Amino acid sequence: MKKHLLGFLFFLLPIFLFSQEKNISIEYSNVTRKKVIEIIENNSAFHFYFNEQWLSNDELISGKFQNTSITIVLDDIFNNTTINYYIDRNSIILSNASLISNSISEKYFENTPFKNDKPLAAPIYNKQYLKDTKRDSDSIIMLGKQSLANNLQMHTLSGYIRNKTSGKPEYNVTVKVKDKDFSTTSDVNGYYSFKIPAGINTIETLSLTHGTKLKKIVLYSNGKVDFNLEENVNALKEIVIENKKTRNVTSAITGLTSIDIENIKNVPLILGERDIFKVATTLPGIKTTGEGSAGFNVRGGKDDQNLFLLDNAVLYNPSHFLGFFSSVNPFTTKKADIYKGSIPAEFGGRLSSVFDIKSKSGDTEKVSGEAGIGPVMSNVTLDIPVVKGKSSLLFGGRASYSDWILKTIKDSNLENSQASFYDILLKYNHQLTKKDNLETSFYYSHDKYRISSDSVYKYNNQLATVKWDHDFNEKNKSSFIITSSQYKFNINYNSQPEKSFDYGYRINETQFIFKMKYILNEKHVFNYGISSKLYNVNPGFLKPTNNDSEIKNIDLQNEKGLESALFFTENYKVNDKLLINLGLRYSMFSSLGPSTQNIYESDFPKSDRTVTETKTYSNNDVIKTYGGFEPRISARYFILPDLSIKASFDRTYQYVHLLSSNTTQSPIDTWKLSDLNTKPQSSNQFSLGIFKNIIKNSLELSIEGYYKKSKNILDYKVGAELLLNKNIETELLQGEGKAYGVEFLIKKEKGNFNGWLSYTYSRALIKLDSKFDSEKVNNGEYFATNYDKPHDFSAILNYKFTKRYSLSTNFVYQTGRPVTFPIATYDFAGEPLTLYSDRNKYRIPDYYRLDIGINIEGNHRIKKLAHSFWNVSVYNVLGRNNPYNVYFVTEDKKIKAYKTSIFSVPIPTITYNIKF
């Protein structure tokens, strides 16, 4: 018995000793992993086997363990690396990502990476396959490492795409798995993220302006791969970004229009100047009331129902020179997205659309720029590195010399007129760390004009933005944004000393936004956050400019308001066919003091005679609070792989209103906040569309319909007095709006012959009904708004003869807008009076125009000082005398009609741009 016991103990002794050897004590500080391996080998019986190249780019690590299991020590040492290990007694065998096993499961051969061409969740690759793969690539990137606990067949690949030369992020670059249907695009920060199969994948990037980049990876778990792209200046072969081309079919968003900033130079426009907003009006659902109009009407909405954002700050007046030119510089603009259907829940405060415009980031490696000269203005853009590879400054400026244009207009009232404008943009971008990026931008625009010889008009926009982006990890990203926006105008009259005055207005808002993005998995992506903005409005002042003036000083009481919102968006992929975008937003607005508010009798129309009480509110007292739930949901369903149907519902609230006595938006229009007597506007919109791509995604077809009902739309009583009115609510009417339409688009971007055809049939109606006859218009029935134009057709066609020479044409047709006509005259008490028709019962003549442009690009040699572009265009080739307005005068007791036109003759122009 003792013999057997001693034999058994002798048999257990090496096992006991070996188990004791499994625990080690070790301490190391700021050394490489290779050095730690040497320390373990010198202080234990373990010996390592590995390829030293796996640890060639090793980082410094520290650790301290006391009588700790070797497996715990190894897990800590190789954490966040691709190194796996296998322990065989005193031998520790390392492997690069692959998992070494001493046994093979019965189902192993059923789950090889070559079974049914599907990848493994945790594949084991044979050496010959990796050897063959390596022939096609300089290196294979191993992401993650095999784990028995990891059974996922899909993992998240993410990273950043940057310009190799400048270091700045590249927007809208397609990232895809070669020969597989997995792809995504980079966002404005150059970030991309998407789910791809585990195993061996070839990742490629596609871009019109950069060369294709290939990287082969072996994916075991979530990983990160960055791309640095080189500019493809001398491209001999056209690159087609398929993901971008199919976005109209694949996305869940309805009514989204993206402006191709680079290609708008080929569209012949007024006086040859590039204009983002004028190009937008050639697309379905976006209109203006007429030539030279400052406002935009989107899907039957008023011109104050559009939110213009430049780097997240609100741009209140988006036009120069009375609406002829955009106040946004296309040379400093990176992207422009227009939402007119499904408005993302992070945006609010307007009913009809959001123009989301982002400026470029400067080049962090070298000084570069672009300049241009035309008949109206000159511009220059400069990229200046500040800290090489990390930060840069972008400067863009434009200035006009446009007085001569007014002299060409056949109107004696404009003979002594003058007009000039300029704008500047400064943007500083700094990559603080790999996870932190800081952006600051400043924009200023100024217009000065004189329509007659005695009054000078001035107006300007001033915007500032600070944006900090922080990546917590691959799944959680955040943005903190602070913006400031100001718009103001002044009118100076000095012709007659006794009547000289200075009249002005100002609106200012300060806003902060905090938003988060969380990628839960392939099916769920969440965006959520909070925003708040403070309004301060000076509704108007009138001051005498000298001691002899008879003008009395008027200063209306200021307005203040606080608008806040919570928002949440989920992009939910139900299955391969159904994609749902759910947006939830709750907004709240508080009108704040100091203020005095009138209370009116409920049984009588609002007037100075029906005021029953005047309430006084101290600073920051809440006068009235409004709020509402704004659900926004859209969905896409694939009928065929290249044919989808989309539907959406949007509810929006608007707490600010534009007061205008003109048919179209004017620089001297004023904004008013909702208060005790002015309710916020609200709208519900339904959209339904079918989207199809044909001929290998080169031709985009779509038809989309919408129906929109609105409440509390602002309008005015007949003969309303809006200028410096202390009780402005007595002149206002609020009614119901109704708009509906069908939009058609055929678009081709690929090939020598490209462009688009768009047609919209739409109606925009309003009903101003009340129990008081003085507040009724057209007997309380629906009638056409000033911007109701049922038929709108545009054709933008380009043909490339060679890489350098192309021809562009632009044809536009629109129904004439509604007007009110005098229909009779009569005498009353010996005075001749005029009887007018119902409001907007008639229309001015239809509008149509043809423009032609020839584009000449410089040669495409890479090694040259600069690249040039010439545009020779003719605006209004047919010399069509399109009426801008119709007005009536009484002469010899007879009413005579006259029409005014802006450009009634062909206008030829030449512009030149250079890029260096």
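Among the contacts in the protein chain with a separation of 6 or more, 65% join residues 24 or more positions apart, a contact being heavy atoms within 4.5 Å. This is a predicted model, in which local features need pLDDT of at least 70 and side-chain atom pairs count only at pLDDT 80 or more, while totals for chains, interfaces and linings use all residues. Residues are numbered from 1 along each chain as its sequence is written, and side-chain values use heavy atoms, with hydrogens and water left out.

Of the 916 residues, 51% are buried, that is, under 20% relative accessible area with a 1.4 Å probe, protein chains only.

Now select Glu346, Phe347, Gly348, Gln511 and Ile513, which lie closest to the centre of the second largest cavity among its 17 lining residues; a cavity is a set of points on a 1 Å grid over the protein atoms alone where a 1.4 Å probe fits but cannot get out, and lining residues have an atom within 4 Å of a point. Two or more lining residues each come from β18 (306–310), β31 (501–519), β32 (524–544) and β34 (559–573).

Finally, move to Asp363, in the loop between β23 (353–359) and β24 (368–373), where this residue is buried, with a relative accessible area of 6%. Show its side chain, which reaches the backbone nitrogen of Glu365 at 2.8 Å.

Terms used
Buried < 20%, exposed > 50% of the residue type's maximum accessible area, 1.4 Å probe, protein only. 1 Å grid on protein atoms, 1.4 Å probe; cavity = no way out; pocket = protein on both sides within 12 Å on 5 of 7 lines; lining within 4 Å. Helix = DSSP H or I, 4+ residues; strand = E, 2+ residues; numbered from the N terminus. Polar contact = N/O pair within 3.5 Å; in protein donor to acceptor, adjacent residues only side chain to side chain.
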